[in-house]
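Here's a quick tour of the model, with the cut-offs spelled out as we go. Have the viewer open and follow along.

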Amino acid sequence: MPEKKSPRVVMDSEGIERCLTRIAYEILEKNKGINNLVLVGIRTGGIYLAERLQKKISAIENTKIPLGILDITLYRDDITKTSKKAPLGKTKIPFDLEDKKVILVDDVLFTGRTIRAAMDALIDFGRPKMIQLAVLIDRGHRELPIRADYVGKNLPSSFWEAVSVNLLEKNGKDEVLIEEET
Amino acid sequence: MMKLAKKDILGIRDMTVDEINLILETAESFLEISTREIKKVPTLRGKSIINLFYEASTRTRTSFEIAGKRLSADTINISASTSSVVKGETLIDTARNLEAMNPDIIVLRHSAAGAPHLLASLVRQSIINAGDGAHEHPSQALLDMMTIREKKGQLAGLKVAIIGDILHSRVARSNIYGLSKMGARIVVAGPATMMPRNIEQMGVKACTKLEDAITDADVVMMLRIQLERQKQNIFPSLREYAQHYCLNRKNIKLAKPDVIVMHPGPINRGVEISPDIADDPGCSVILDQVNNGVAVRMALLYMLSGGNE
């Protein structure tokens with residue numbers, strides 16, 4: 001059996017920060033400001049990215065926009081099938097979604113199934129005016145007709161590779177890694 | 001990752017501390033769903049849950065039904081009085097017939113201790129014990145532990161007084177198993193005729209007087225006098241019982257100032273608890289117990305359906 005290659009760093013701490021700064025400006029440009037704008041981070045990686053975007057946007061606009069947390073476990077389409085699952089986390093959407101422009105934030109966009117589940121969950125909370133998607137990494141291999149509005153980096157990958165986004169808040173270090181799945 | 005490696009939920013006695021913690025944490029995440037405008041998630045779509053109740057119940061049956069419905073499962077209620085049980089069908093035959101209709105989970109309440117264990121060994125479906133005789137009532141103990149943890153932050157080190165008919169109480173038994181595993185100190189009190197022999201073997205302290213048990217308690221759990229189980233006269237009258245074992249404004253002062261008062265319901269007002277205590281939002285958490293009950297049952301249904309593998 002060939003030896004497993006060690007993970008390769010595809011983005012470092014500075015790279016992540018620059019991407020998020022650019023995305024923050026793009027969000028403001030596309031939505032012409034922060035009117036009715038809210039952020040919703042998908043548990044767990046998306047929460048920290050959404051918090052960072054919230055900080056960056058409030059630094060630019062001098063106003064803190066609302067931030068929600070979404071756990072999509074209960075909306076998955078593979079609840080009884082997959083063997084890899086994180087424990088159920090709390091969902092906190094402490095504001096009305098009616099007529100809001102929701103920026104959904106996740107770390108990696110892959111098959112699109114997580115985003116499908118997240119949209120179903122959001123719509124159960126109310127009728128947002130629109131939902132936009134911001135991701136740090138788009139690695140391709142979509143299985144559903146879903147695309148991101150804001151992308152940190154397009155990362156061509158093989159289906160069998162693993163892309164992991166490590167963040168200071170949960171892993172103690174900011175970096176994006178790609179490695180061969182065994 | 002920690003998971004619940006069980007087909008059935010039969011009792012607290014055979015649960016580990018890790019399993020109890022996992023269930024309580026999962027239940028806490030489910031609380032939020034009941035606060036939404038649309039109180040429903042699609043998680044158990046296409047699953048069927050049969051609530052098979054051989055004994056009267058409002059809270060537990062409704063709670064399991066609501067829990068199933070909020071997870072989008074189909075829930076079917078069968079109560080003994082309107083089923084083929086009145087035509088003489090045995091529990092085993094009823095279960096085999098239900099099994100043939102291919103439900104996913106059967107929630108059973110039965111007056112015979114061990115009935116859910118018997119079913120669990122006979123049918124391939126998951127069985128949840130919703131109370132078997134005077135044996136166990138695991139979902140009640142879990143919702144009680146969830147409520148205590150919510151109010152007190154933790155279970156370890158707390159003094160919990162359980163008062164009343166310990167002998168006939170499956171709620172007491174499940175709570176004693178659970179709370180002692182979680183590190184709480186338990187004191188029970190009740191008339192000698194309602195106290196099981198050798199109760200100390202369960203790791204609790206037993207007293208005869210209510211006052212001795214509730215002194216400095218963090219939690220006082222009052223049990224219902226089960227009039228339907230009082231075939232032999234184990235106390236002279238309700239009035240005399242109330243004189244000695246009713247929690248009231250006066251004797252509650254013996255407990256800690258921030259004591260919480262619990263009751264599994266239904267309440268016999270003025271018998272085991274005075275109405276002003278039961279309705280006092282400062283100490284009574286009785287309705288929080290009911291609210292948490294739905295979340296605990298959602299967690300159990302979810303975890304048995306493979307939601308934690």
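This is a predicted model: local features need pLDDT of at least 70, side-chain atom pairs count only at pLDDT 80 or more; totals for chains, interfaces and linings use all residues.

## Rings and charges

A charge counts as sitting over a ring if NZ of Lys or CZ of Arg is within 6 Å of the ring centre and within 35 degrees of the ring normal. By that test, Lys30(A) lies over the face of Tyr150(A), 5.8 Å from the ring centre.

Residues are numbered from 1 along each chain as its sequence is written, chains are lettered from A and ligands numbered from 1 in the order in which they are written, and side-chain values use heavy atoms, with hydrogens and water left out.

Phe110(A) also belongs to an aromatic cluster with Phe159(A) and Trp160(A). Rings of Phe, Tyr and Trp (its six-membered ring) pair if their centres lie within 6.5 Å; planes under 30 degrees apart are stacked, over 60 edge-to-face, and the rest tilted. Over all chains that gives four aromatic pairs. Phe159(A) and Trp160(A) make an edge-to-face pair, because their centres are 5.1 Å apart and their planes sit at 80°. For accessibility, buried means under 20% relative accessible area, exposed over 50%, and partly exposed in between (1.4 Å probe, protein chains only). Phe159(A) is partly exposed at 34%, and Trp160(A) is exposed at 62%.

## Nonpolar cores

A nonpolar core is a set of buried Ala, Val, Leu, Ile, Met, Phe, Trp, Tyr and Cys residues joined through side-chain atoms within 4.5 Å. The largest one has 86 residues, and the members touching the most others are Leu70(A), Phe30(B), Leu142(B), Met145(B) and Ile162(B). Its top contributor is helix H10 of chain B (residues 286–307), which puts in ten residues. Helices (H or I, at least four residues) and strands (E, at least two) are DSSP runs, numbered from the N terminus.

Apart from that core lies another, of 30 residues, including Leu53(A) and Ile137(A).

In chain B, strands E3 (residues 105–110) and E4 run parallel, joined by five bridges; strands pair if DSSP finds at least two bridges between them. Ile105(B) has Ser126(B) of E4(B) as its bridge partner. E4(B) spans residues 126–132, and seven of its seven residues are buried.

Two cis peptide bonds are worth a look. One runs from Arg43(A) to Thr44(A), with omega near -5°; the other joins Gly265(B) and Pro266(B), with omega about -10°. His141(A), not a glycine, has a positive phi of about 65° and is partly exposed at 30%. Asn102(B) likewise has a positive phi, near 65°, and is partly exposed at 49%.
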